[in-house]
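Good morning, and thank you for the time on today's agenda.

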Amino acid sequence: MAEAHPVGFQWVMEAKARGATVIHVDPRFSRTSAMADLHVPIRAGSDIAFLGGIINHVLTEEKYFRDYVLAYTNASTIISEDFADTEDLGGVFSGLDRDHRTYDFDAWRYQAGDVGAAAGRRDRPGSGKGGQNGNGQNGDGQNGDGRRRRVRAAARGEAHGSGGAAAHPSPDTDETLQHPRCVFQILKRHFSRYTPEMVEQICGISPENFRRVYEALTSNSGRDRTTALVYSVGWTQHTVGVQYIRTGAILQTLLGNMGRPGGGILALRGHASIQGSTDIPTLFDLLPGYLPMPHVHGNEDLDTYADAESMDNGFWANVRSYMVSLLKAWWGPAATAENDFCFDYLPRLTGSHGTYETVLAQIAGDCSGYFLLGENPAVGSANGRMQRLGMSKLDWLVVRDFSLIESATWWKDGPEIETGEMRTEDIGTEVFFLPAAAHTEKSGSFTNTQRMLQWHHEAVEPAGDARSDLWFAYHLGRIIREKLAAQSGSVPGSSSPAAGEHPDADEMNRPILDLTWDYPLRGPLREPDAEAVLAEVNGWDGDGKPVSSYTQLKDDGSTASGCWIYCGVYADGVNQAARRKPGGEQNWVANEWGWAWPANRRVLYNRASADPEGKPWSDRKALVWWDPEQGKWAGHDIADFIANRPPSYRPPDGAKGVAAISGTDAFIMQADGKAWLFAPAGLADGPMPAHYEPQESPVQNLLYPKQEHNPVRETLRHPGTPYQPSGDEPGSEVFPYVATTYRLTEHHTAGGMSRWLPYLSELQPEFFCEVSPELAAERGLEHMGWATIISARSAIEARVMVTQRMPSLTVQGKRLHQIGLPYHWGRNGLTTGDAANELAHFSLDPNVHIQEVKALAVDIQPGRRPRGPALLDLIRSYHERAGITDETGTEV
Amino acid sequence: MSSTERPGLTGGADPAERAGWGEHPPRMGFFTDTSVCIGCKACEVACKEWNTVPEDGLELTGMSFDNTIGLSASTWRHVAFIEQQAPVGVPALPAVPGQAAGIRGGLSGPAVPGPDGVDGAMRWLMSSDVCKHCTEAGCLDVCPTGALMRTEFGTVVVQDDVCNGCGYCVPACPFGVIGRRADDGGAHKCTLCYDRLGVGMEPACAKACPTDSIQFGPLDELRERARVRVNDLVEAGHPEAQLYLEGADNGIGGAGAFFLLLDEPEVYGLPPDPVVPTRSLPRMWKHAGLAAAGVGAMVLTAFLGSRTDVR
């Protein structure tokens, strides 16, 4: 965190000054480790084994917060008889379809005596609407399996950004936690073999260090104390990335650290407003506010969409209101009840359209245009060669950035030009480079990891031709609308029926022509007013008055809101995100600095900071509480609960929607109001995390010897991205070391914002790899000499930094060396070097389609890499030595 | 005898007053607490941005993460990185003592080397160096043009439009802080952001420092704060924590920028016992004056004598 988020790390330093213990678990000793009370080096790719070991300790030694666990988690919930664990099935869960590499979640469902009576929809497997997470069953017989897989391929794991997946709202329970099929007992059995010895063998962590970690965690959790778990995006970049986070969530929930001050799981984002870019998404599978993007199967019209995506209980019951308000924000008066509020103007998903599938589609000729807005995939994405190969097949490519990044110039100076794989004169892609304005040159908001929006005002006009993204999107839309209008012979923004010469074209163009595209323009650059966009995101009621809460949204078309969870950010017509009341002038929660969704709450699920009766678990950790005299929730923060719902409230039989939320349902957005130790739905790869080795690993999976990898990981296939043998497969010894990529404080991601700046470039002026003295001795690497690092995809060269900060470990009785690779470099800019991500493959997490770049198996040799076609010869020789075929690494 | 009582050429308890400032603000300075430095180098970048100091070379040094190497005409803040095995028995970096004894029980023992002899025993020191704004400033003493001046804040600043680039100041600095830039030939160094101080703002480096490792303020207050902090660290089991240049009892008569270090100054590349080279000048001049007077007297005596002889 000190390394990649030094500004945020000031709060860790402040906590330390107040007595907090800081533990850092990381393969390398970083600037964070230097400040920590304890640094625990770990083998990259083994975190689930490590955290699973702590969970096992917490369960067997009864270190969990029992009152909290009983009240607020699904520990007592009984799971269906159909469920079978990895312990029973050799490392996989029940429901695995090996042919299609998917799980049928139906086998993980809650047991409910009243099946059918209160079943959800968003939540209900088998609702016939292809619903949430693609677990919906088909309604049309034999094509059902295919459809289910296609819907599932669209993932929707990310749709849980503001509430969990669906489950039965009132399943059978056993409050004694003794039932063999209750979640608590299942969890205990599942993690029973995650022992300190196993942790040592798999992670390379000594029992002594392991003990110090779990003792610090457990002794600092409970009624009086809380522990926070902080991770950075690298934690997600594994074929089991989402399950990493799940393991952390299970541990934090068992210890009672969720929804409480000083607790939680804090996801540090890759750069500013990444939280914002999922709230108002740049993801293919989401609409604003985590509304799932409609799928071609299952979301035929607004009714089926609202039915499939809503839950019976809680605030997700009102999906229709959120969706209709979104459609009204986008299409204004054109959206009417008669035309389903323009629901059919929305495109439909047909499968997964993530980054890597898109690259394959480019290569296949199915995707002909590409916008890169502040993104440099030629350096930042896995397997840069595949990225460039994809771009070389496009008709057009638009790059908006500060500088001529590698993704804008690969066609004349990329690595494939050097190797002879590409010739500039053969490339048909028309490349447009448009200079972008920096954040100081435009107004707008950042949404940080706390879901807090902070407004920034334009300080100076952008120089030269540089323009903001808002300017670009607005004026591009304006010009397209003008051109389409001329084609159709109608007026943009008018909802009048087609009157032009090409009525069919007009029909096709209406979704664009009917958009509300009327933001005020300011200044000589005609910059759209960013506050006007914020006002639309917030939304308004039937009188045009800004709404202050999403509870005001209606499904009859009388309200509009561009993102339901952001309702209130423009309450009273005031930009709440621009508030900057100093901390010293308000309470410690500081609700008057910026604005956080939902409803300006700063700690999510903070009902859990009070006991079931509504009293804080302890004075020291008080955050919100029930005030019986006032008849409402009070506290330092704004309660994440229905303001006047007493702890004693129990929903009457047959209650629906918000009325069905019990006074103790602290995890208010969950179908059953509980934090999930076991996820009966919502995850593509299992209801509980299990340790699987990375796609390419030098060691065998010790916990599940028959199941080396995540069985449902996505292994995209193309000759340009072959996989290596792993574990004890023959040929894996050719790649004996673990490489992990990361960032340095001095540079920013793929370098577009730092490698062109002299003041940053001089601080880290060259690409280097970090190796231990032991590895240096083993391979003859010299400090500040050159090394070539080789995978099945590519070979890169780097200067060698020999340092104790990259310790070698003992794993399964053998010395294991790790290689650290900062991934900022490319061929352009003031400081240049090979890109680490050239080495990476296309095996992805099945929930969110993220690449695995934090744990790769590689070889390293002293000296510089070959130039020109000789580089390809080197890679080919490794393929031969390792016996790599098209099938290598693709088994379930 | 304390140096404050022996002002040298330009020093004294109140260098601004000695420089001729009448009513003037208190002496301002930096306290750099290296125990909370996270090595982010924001100070280096903020300094260069504010003062438009040019890039100083794109060279990978291999000296841990230090690619700046040292202070120079074009580097006014420099973060040193020192990788070392922690001294035996020293716990990992400190918190304020007493506040968390309960939970730290499992961790506050001696650092136990892990199975690989590395984890728990590694230490990475980071420290942001800067011009010391000495009470007795060698650069100021030797400057023949008056380009180097003592400000009303007690700091030492080069006036670019007066500097003739003679370079006398460069060897006069016991820390190697000041240097000449090849392109303009002038001498350059930290100004303690004189322009910012003038309008009541703190220097750019201190403003940018996320962890308050660089603290700016009236020197008296900073010294007080530093003594409390070092005592806390020593009590928390860090006997090696020490203040560097905090007092006036050193060869530069005290510094406007001082440091809390977790090891000996040499480890950070700082001179353990810096002495301003002009320190002996008053004494030398006194001796030279005496000698000259003696010679004069001898000559006079000789003449008087010869006159006697003549007579």
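Predicted model: local features only at pLDDT ≥ 70, side-chain atom pairs only at ≥ 80, totals over all residues.

**Strands, domains and a chain interface**

I begin with a pair of residues: A:Thr788 has A:Gln861, in strand E28 of chain A, as its bridge partner. Residues are numbered from 1 along each chain as its sequence is written, while chains are lettered from A and ligands numbered from 1 in the order in which they are written.

Strands here are DSSP runs of E with at least two residues, helices are runs of H or I with at least four, and both are numbered from the N terminus. Two strands pair if DSSP finds at least two bridges between them. E28(A) is also joined to strand E20 (residues 737–742) of chain A, by three bridges and again in the antiparallel sense. In that pairing, A:Tyr737 stands opposite A:Val858.

A second sheet in chain A is open and consists of three strands in the order E12-E13-E16, with antiparallel pairing. E12 and strand E16 (595–596) are at its edges with a single partner strand each, so one side of each has no neighbour in the sheet. E12(A) and strand E13 (residues 452–456) of chain A are joined by four bridges, and A:Thr447 stands opposite A:Leu453 there.

The loop between strand E11 (430–435) and strand E12 (444–447) of chain A contains A:His439. This residue counts as partly exposed because it has 14 C-beta neighbours inside 10 Å. Its C-alpha atom is separated by 9.5 Å from that of A:Pro462, which is 23 residues apart from A:His439 along the chain.

Let me now turn to chain A as a whole. It has 23 helices and 28 strands. Its radius of gyration, 27 Å, is close to the 29 Å of the globule rule for 892 residues, so chain A is as compact as a globular protein of that length. The radius is taken over C-alpha atoms, and the rule is 2.2 Å times the number of residues to the power 0.38. Of the 892 residues, 56% count as buried.

As to confidence, the mean pLDDT (the predictor's confidence in each residue, from 0 to 100) of chain A is 92, and 93% of its residues reach 70 or more. Over residues 123–144 of chain A, however, pLDDT stays under 50, and the model has 73 contacts for them beyond four places in sequence. Two residues are in contact if their C-beta atoms, placed from the backbone, lie within 7 Å.

The domain assignment of chain A, automatic or from a database, gives domain 1 (1–40), domain 2 (45–120 + 166–269 + 604–691), domain 3 (468–524) and domain 4 (714–882). The centres of domain 1 and domain 2, taken over C-alpha atoms, are separated by 26 Å. Eight residues of domain 1 are in contact with nine residues of domain 2.

Finally, the interface: 42 residues of chain B are in contact with 54 residues of chain A. Which element gives the most to the side of chain B that touches chain A? H2(B) does, with five residues. Seven of the ten residues of H2(B) are buried, so this helix is largely enclosed by the rest of the structure. Among the buried residues are B:Cys43, B:Glu44 and B:Lys48. Their cover includes helix H21 (758–761) of chain A and, from chain B, strand E2 (77–85), E3, helix H7 (204–208) and strand E8 (214–218). After H2(B) comes B:Thr52, with a positive phi near 45°.

Note on methods. Buried ≥ 20, exposed ≤ 12 C-beta atoms within 10 Å, placed from the backbone.
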